Amino acid sequence: MGSLEQFKINLKGLKESKTSFSFSLDNEYFDAIGATEVKGGTLSVALEVCKVANVYELDFHIVGNAMVTCDLCLDDMFLPVETSQKVVARLGQEDAEDDDVITVAKDEGVVDVAWLIYEFIALSLPTKHVHAEGQCNPEMVKRLKELEAHVEADEDSGDTTDPRWSKLKELKSTNKE
């Protein structure tokens, strides 16, 4: 498991101005974070932290490709990612999150952005992950079509074991008319 130490930013050590950070994300990062939806990828993160008094504006810009599982054929696929997000952090009594404001304990003064970055990546992806037309695993697509044809044949044959299904089919056919 890789280290996520580089994603811990000491807010108390920042000057009253803008400070820039950059991170390169690879499969090691996703393994270390324990990612479930995004399995890997190659992404670049540019983070600019603007400090004014005890308020810190964190401006993230993330670009690259994320590896996810295709919902249809279950093979890995890459999806492009480009997102910009802002989060406000402030120093307070204890760590807390409220909407877009993160409160960081004054005595520690360190914010860990590793999970924030992962969330921004995951939220930027479409809800449905499917290869482009013709790019899915042909064996899996063939098997799915066979199963779909088998299910349709079972529905057409009317061989239902539960009488409730026949009543539901009657209602369905009545609604079509």
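**Fold, strand pairing and selected residues of the predicted model**

His131 lies in the loop between α2 (114–124) and α3. Helices are DSSP runs of H or I with at least four residues, strands are runs of E with at least two, and both are numbered from the N terminus. The model is predicted: local features need pLDDT of at least 70, side-chain atom pairs count only at pLDDT 80 or more, and totals for chains, interfaces and linings use all residues. Residues are numbered from 1 along each chain as its sequence is written, and side-chain values use heavy atoms, without hydrogens and water.

His131 is buried, because its relative accessibility is 17%. Buried means under 20% relative accessible area, exposed means over 50%, and partly exposed lies in between (1.4 Å probe, protein chains only). Beyond its neighbours within four places in sequence, His131 contacts Cys70, Cys73, Asp75, Asp76, Met77 and Cys136. A contact means heavy atoms within 4.5 Å.

The protein chain holds four helices and eight strands. Their order along the sequence is β-β-α-β-β-β-β-β-β-α-α-α. Of the 177 residues, 32% are buried. Among contacts between residues at least 6 apart in sequence, 60% join residues at least 24 apart.

Strand pairing requires at least two DSSP bridges between two strands. Strands β2 (residues 18–25) and β3 (residues 40–52) run antiparallel and are joined by eight bridges. Here Ser22 stands opposite Ala46 in β3. β3 also pairs with strand β4 (residues 55–69), in the antiparallel sense, over 13 bridges. Leu43 has Gly64 in β4 as its bridge partner. Two residues separate β3 and β4 in a hairpin. In its turn, Ala53 has a positive phi of about 60°.

Thr83 belongs to strand β5 (residues 76–92). With a relative accessible area of 10%, Thr83 is buried. Its side chain makes a polar contact of 3.1 Å with the side chain of Gln85. A polar contact is a pair of N or O atoms within 3.5 Å; within protein, one must be able to donate a hydrogen and the other to accept it, and residues adjacent in sequence count only if both atoms are side-chain atoms. Not counting residues up to four places away in sequence, Thr83 touches Phe60, His61, Ile62, Phe120 and Ser124.

Leu144 sits in helix α3 (residues 138–157). Leu144 is partly exposed, because its relative accessibility is 31%.
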